[in-house]
Amino acid sequence: MSEWAMKRFWKDATVEPSGPGFAVKLDGRGVKTPAKTPLIVPTEGLAEAVAAEWRAQDERVNPLTMPFTRMSNSALDKVATQRADVAEMLASYGDSDLLCYRADKPAALVKRQIDGWDPLLDWAAETYGARLEPRAGVMHQPQTPDALARLSREVHALDAFQLAAFHDLVSMSGSLVLALAVIRGHRDAEEAWRLSRIDETWQEEQWGVDEEAAEIVALKRNEFLHAARFYVLSTV
């Protein structure tokens, strides 16, 4: 959205029904994405969140303060134009899911991973009939095609806006199962983020926290939590 660094020219941002969705308008004129696609989103709640970002702008538009607008742009300009490819890329995380790659020592870390991650693998098996098997070490070992196919169907069923949010949940956690648990309400986003960082938290406990790295982690956490909020708003 760098090309959107414009001066504010509107007095108000409003939401209006538009076909099967809702359009955001500035003084009655429809907003468009960077690719000139009309900014029409699937739910009124998401449209209101986008409109609120436009209302909150000062003299100049600051895209960094507009995460709902940015993700909506991405859904329309990037995901919708290649939805099947995006879904396939995200589904492929199931074959190297974070939750399946375990330490073999020390015992305390092994237990922490078992306690945190095994219930999620059990949930995926019970919910989708997809049993992913954990293994020690980091060398890739493929999961069964049937389990991967079952999880893939869930991903391909998501629409472009849901996939835009799901992309961040998967890529930032490294886990397809964890992201599915978030969007299905099995784990809240804060807990899911904590579970995705069991290994990193362990290392910090042993060696201390690097302040610069902690700042980056905090930004990623905020993006992860935002993706979860975007998913909910784009769905209900």
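Which side chain makes a polar contact with the side chain of Arg102? I looked, and the partner is the side chain of Asp118, at 2.7 Å.

**Ground rules.** I'm reading a predicted model, where local features need pLDDT of at least 70, side-chain atom pairs count only at pLDDT 80 or more, and totals for chains, interfaces and linings use all residues. Residues are numbered from 1 along each chain as its sequence is written, and side-chain values use heavy atoms, with hydrogens and water left out.

**Still on Arg102.** I placed Arg102 in strand β5, residues 101-102. Strands are DSSP runs of E with at least two residues, helices are runs of H or I with at least four, and both are numbered from the N terminus. Buried or exposed? Arg102 is buried, with a relative accessible area of 10%; the cut-offs are under 20% for buried, over 50% for exposed and partly exposed in between, using a 1.4 Å probe and protein chains only. Next I checked the contacts of Arg102, meaning heavy atoms within 4.5 Å. Leaving aside neighbours within four places in sequence, the list includes Trp117, Leu121, Pro134 and Gly137, plus Asp118 again.

**Whole chain.** I noted 10 helices and six strands. The C-alpha atoms fill a box of roughly 60 × 40 × 25 Å along the principal axes. Of the 236 residues, 43% are buried. Among contacts with a separation of 6 or more, residues 24 or more positions apart account for 64%.

I followed β1 (residues 13-18) into β2 (residues 21-26): they run antiparallel, joined by six bridges. Two strands pair if DSSP finds at least two bridges between them. Thr14 has Lys25 of β2 as its bridge partner, and Glu16 stands opposite Ala23. This is a hairpin with two residues between the strands, and Gly19 in the turn has a positive phi of about 60°.

How many residues of β2 are buried? I counted five of six, so I wrote "mostly covered".

**Helix α7.** I then moved to residues 176-183, where eight of the eight residues are buried. Among them are Leu176, Val177, Ala179 and Ile183. What do they pack against? I found α3 (83-91), α4 (107-128), α5 (145-156), α6 (160-173), α8 (189-196) and α10 (211-235).

I checked the two ends as well. At the start of α7, a side-chain oxygen of Ser175 reaches to within 3.4 Å of the backbone nitrogen of Val177. Just after α7, Gly185 takes a positive phi of about 75°.

Note on methods: Polar contact = N/O pair within 3.5 Å; in protein donor to acceptor, adjacent residues only side chain to side chain.
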